[in-house]
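Subject: Structure handover

Hello,

Here is the structure I promised to pass on. Please open it first, then read my notes below.

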Amino acid sequence: MTRGAAPPRSRADTPAWLVQPQAPLRPGSRVGRRRASFLERTLGDGAEVFRRAMYAEIDGSRGALQRLDPRAKLVALVALLVAVALVHSPLTLVVGYAAIVAVAWAGGVPMRSFVRRVWLVVPAFTAVAVAPATLSVVTPGQIVVPLWTWHGAPQGLTRQGLLAAALIVLRVACSVSLVLLVTLTTPWNRLLGALGALGVPRIFVTIIAMAYRYLFVLLGNITDLLMARKARTVRPPDHGAGDRRFVGAAVGTLLGKSHHLAEEVHQAMVARGYAGRHYALERSRFVAADVLVVLAALAAAVVILGVDRVLR
Amino acid sequence: MHIPDGYLSPQTCAAAYVLAVPTLAIASRRVSRGVTTRQVPLLAMFAAVSFLVMMFNIPIPDGTTAHAVGAVMIAIALGPWAAVIAVSVALLFQALLFGDGGVLAYGANVLNMAIVMPFVGIAAYRVLAGRSALRSTRRVVAAGVAGFLGINAAALAAAVEFGIQPALFHTADGMPLYAPYSFAQTIPAMALAHLVVAGPVEGILTGAVFAYLAKANPEALRGTHGDLVTSPDAGASRPARVGWSTPAKVAVGFVAALVVLSPLGLLAPGGAFGEDAPADLDLGALGLQAIPAGMARYTGFWRHTVLADYGAGGAHATLGYWLSALVGIAVIGAAVYAMGRLVGVFRGRRATPASAVQD
């Protein structure tokens with residue numbers, strides 16, 4: 001469409017809004033200085049959910065870590081998380097993080113995203129949140145960097161505060177990395193099977209599995225709702241009461257649709273012989289390597305705590 | 001509010017699991033009672049909805065956005081036990097799939113957002129909505145306020161979990177091992193964020209979704225509002241005041257709220273500003289030579305109190321303190337009761353001519 005090239009001959013008949021140049025109707029497009037509305041951002045988030053999920057699904061087939069039994073990985077994960085949570089010295093965690101990265105590298109995990117997903121999030125949330133705790137106002141102790149005085153007493157960054165902040169930031173980084181190491185190398189359905197095998201009640205596993213599947217259906221529904229609204233919108237939307245009312249209606253519609261869908265899905269399940277039991281397609285076998293991994297994780301946990309006892 | 005791993009000590013996480021796991025077991029039993037298999041897809045759908053609701057960022061006036069949890073909304077539509085399961089599953093997704101919220105801290109997150117929040121919310125909703133009609137404004141407002149209260153209760157629970165960390169877990173030289181902030185810091189910080197930002201968002205969302213469902217799809221509310229859905233006009237034709245808010249109930253509720261909130265006073269450090277007796281003033285620090293004349297003259301103006309200094313003057317100081325606390329509670333309760341009666345009398349006077357005309 002060549003906007004503005006040919007002057008409309010019947011301008012008098014044409015509604016004013018049709019003559020005005022308009023932003024292209026594309027989700028997530030940011031035209032000029034107009035800020036992307038929260039609806040567009042929600043759409044963007046939805047696309048991100050899709051992307052990451054697809055990514056996780058694809059990545060489950062190759063590498064040594066990927067072939068391990070998910071049950072072994074979950075047990076190892078919990079053991080290592082507890083060990084990391086009990087560490088008292090930041091130095092131990094630095095060594096621990098290096099070891100996690102080394103394992104990820106050896107296991108064929110894409111390194112860039114593995115490191116980036118941790119270090120983009122941890123400084124933004126954890127580091128900012130614990131920064132004030134380095135001050136003597138919050139964490140009293142031995143002052144390393146004096147900044148000001150209060151009634152004659154020097155105030156500033158304390159040794160205790162800095163160490164505590166480092167400890168928390170590193171511990172969060174290690175914990176997130178460990179969880180990522182498992183989720184990036186395990187397809188979602190196998191992870192769920194492992195949860196069931198480890199004693200999570202069957203009804204939960206079934207609900208989780210179905211919720212995951214219908215997440216995408218419902219996300220598609222939301223995308224359609226937003227797109228339909230965008231297609232009907234002829235002037236820049238007001239970022240206020242109208243939007244809020246729309247969100248209310250959209251979530252309400254979503255609830256109604258999911259209610260309806262659940263009813264139909266249930267009938268379909270019963271028609272196919274569902275009687276409360278959910279079967280996994282593949283049955284994984286515990287082999288020697290898996291036992292070895294669990295033992296190695298337990299040994300690593302003991303080593304971490306032993307090293308920490310020396311360093312603290 | 002999704003607590004990541006590393007902020008809470010393993011002991012705290014274990015305690016949270018001890019509370020969360022049996023609640024989840026009760027919830028799955030309560031929900032799957034009766035109809036056996038139908039609830040499975042329904043709960044799965046609502047878990048997905050809850051996850052998506054947490055993705056819906058809502059614009060707030062200062063230009064930023066905040067997201068809601070949706071636990072209260074699901075509790076109103078499906079009942080609190082269904083909300084427990086739906087939000088727990090959504091939280092599990094977030095912990096495992098997106099690293100939002102920790103694995104060890106999952107129990108604590110479930111406790112805050114999937115247990116405390118829907119139950120506080122549904123209790124508030126039931127009290128506030130009373131027996132009003134399904135499509136009445138009061139019910140929408142009740143849903144909104146319930147969402148607001150629910151998320152703030154969850155935030156308070158999180159603040160308490162953070163706040164106990166530095167006191168319980170620190171090294172010998174005072175280095176905190178987990179979350180470094182004490183109650184006096186976590187509670188105001190969480191309260192500010194949730195009273196001002198996340199609370200209104202949750203409230204608006206809950207109210208808006210409820211208004212939409214009541215108007216456009218009352219069938220979705222049948223499970224929890226059965227009698228109201230079958231006869232939508234029945235509520236309207238009923239007398240508007242069925243008497244849930246009798247003066248006695250309001251008085252008891254008020255006193256109960258005070259009793260629950262009063263431990264907050266323990267968090268305030270030091271004495272109460274401006275409440276010292278003149279003799280206790282540190283005149284030197286204030287740059288004064290003597291107690292100001294007016295203060296000295298009027299300080300003893302009223303000496304006829306029954307329980308001076310909260311009964312601390314007598315031989316049994318603790319007993320006196322407790323006695324004065326009980327007397328105080330009773331007096332405040334009686335005062336609220338009297339006000340309620342007074343309001344009732346005036347309302348009755350105003351309402352009588354109208355009803356007389358109708359009759």
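Below is what I found, starting with the chains and ending with single residues.

**Confidence**

Please keep in mind that this is a predicted model. Chain A has an average pLDDT of 75, and 73% of its residues score at least 70. Two stretches of chain A need care. In residues 1-11 of chain A the pLDDT is below 50, and beyond near neighbours in sequence that stretch has five contacts in the model. In residues 21-35 of chain A the pLDDT is also below 50, with 16 contacts beyond near neighbours in sequence. Where pLDDT is low, predicted coordinates should not be read in detail.

**The two chains**

Chain A holds 11 helices and two strands. Read from the N terminus, its elements go α-α-α-α-α-α-β-β-α-α-α-α-α. Chain A has 312 residues, and 30% of them count as buried. Take the contacts in chain A with a separation of 6 or more: 72% link residues 24 or more positions apart.

Chain B has 13 helices and two strands. Of its 359 residues, 40% are buried. For chain B, 71% of the contacts with a separation of 6 or more join residues 24 or more positions apart.

**Where the chains meet**

Chain A puts 67 residues into the contact, and chain B puts in 59 residues. On the side of chain A that touches chain B, at least two residues come from each of helix H2 (38-58), helix H4 (70-86), H7, helix H9 (202-232) and helix H10 (241-271) of chain A. H10(A) gives the largest share of that side, 19 residues. By type, the side of chain A that touches chain B has 44 nonpolar, 17 polar and six charged residues.

**The core**

The largest nonpolar core has 161 residues. Its members that touch the most others are A:Ile207, A:Ala211, B:Leu43, B:Ala47 and B:Ala86. Helix H7 (residues 159-185) of chain A gives the most to this core, 16 residues. B:Leu43 is worth a look. Setting aside residues up to four places away in sequence, B:Leu43 touches A:Ile207 in chain A, and also B:Val31, B:Ala82, B:Ile85 and B:Ala86.

**One helix of chain B**

Helix H6 of chain B covers residues 137-168. At 1.5 Å a residue, its 32 residues should span 46 Å; the end C-alpha atoms are 47 Å apart, which agrees. Of those 32 residues, 24 are buried, so H6(B) is largely enclosed by the rest of the structure.

**The hairpin in chain A**

Strand S1 (residues 143-150) and strand S2 (residues 153-158) of chain A run antiparallel and are joined by six bridges. A:Trp148 stands opposite A:Gln155 in S2(A). Two residues lie between S1(A) and S2(A) in this hairpin. A:His151, in the turn, has a positive phi of about 55°.

A:Leu80 sits in helix H4 of chain A. Is A:Leu80 buried or exposed? A:Leu80 counts as buried, because it has 23 C-beta neighbours inside 10 Å. Which residues does A:Leu80 contact, leaving aside its neighbours within four places in sequence? They are A:Leu178, A:Ala297, A:Ala300 and A:Ala301. From A:Leu80 to A:Tyr97 is 17 residues in sequence and 12 Å in space, C-alpha to C-alpha.

Best wishes

Key: Residues are numbered from 1 along each chain as its sequence is written. Chains are lettered from A and ligands numbered from 1 in the order in which they are written. This is a predicted model: local features need pLDDT of at least 70, side-chain atom pairs count only at pLDDT 80 or more; totals for chains, interfaces and linings use all residues. A nonpolar core is a set of buried Ala, Val, Leu, Ile, Met, Phe, Trp, Tyr and Cys residues joined through C-beta atoms within 7 Å. A residue is buried if 20 or more other C-beta atoms lie within 10 Å of its own, exposed if 12 or fewer, and partly exposed in between; C-beta atoms are placed from the backbone. Helices (H or I, at least four residues) and strands (E, at least two) are DSSP runs, numbered from the N terminus. Two residues are in contact if their C-beta atoms, placed from the backbone, lie within 7 Å. pLDDT is the predictor's confidence in each residue, from 0 to 100. Ala, Val, Leu, Ile, Met, Phe, Trp, Tyr, Cys and Pro count as nonpolar, Asp, Glu, Lys and Arg as charged, and the others, Gly among them, as polar. The expected span of a helix is 1.5 Å times one less than its number of residues. Two strands pair if DSSP finds at least two bridges between them.
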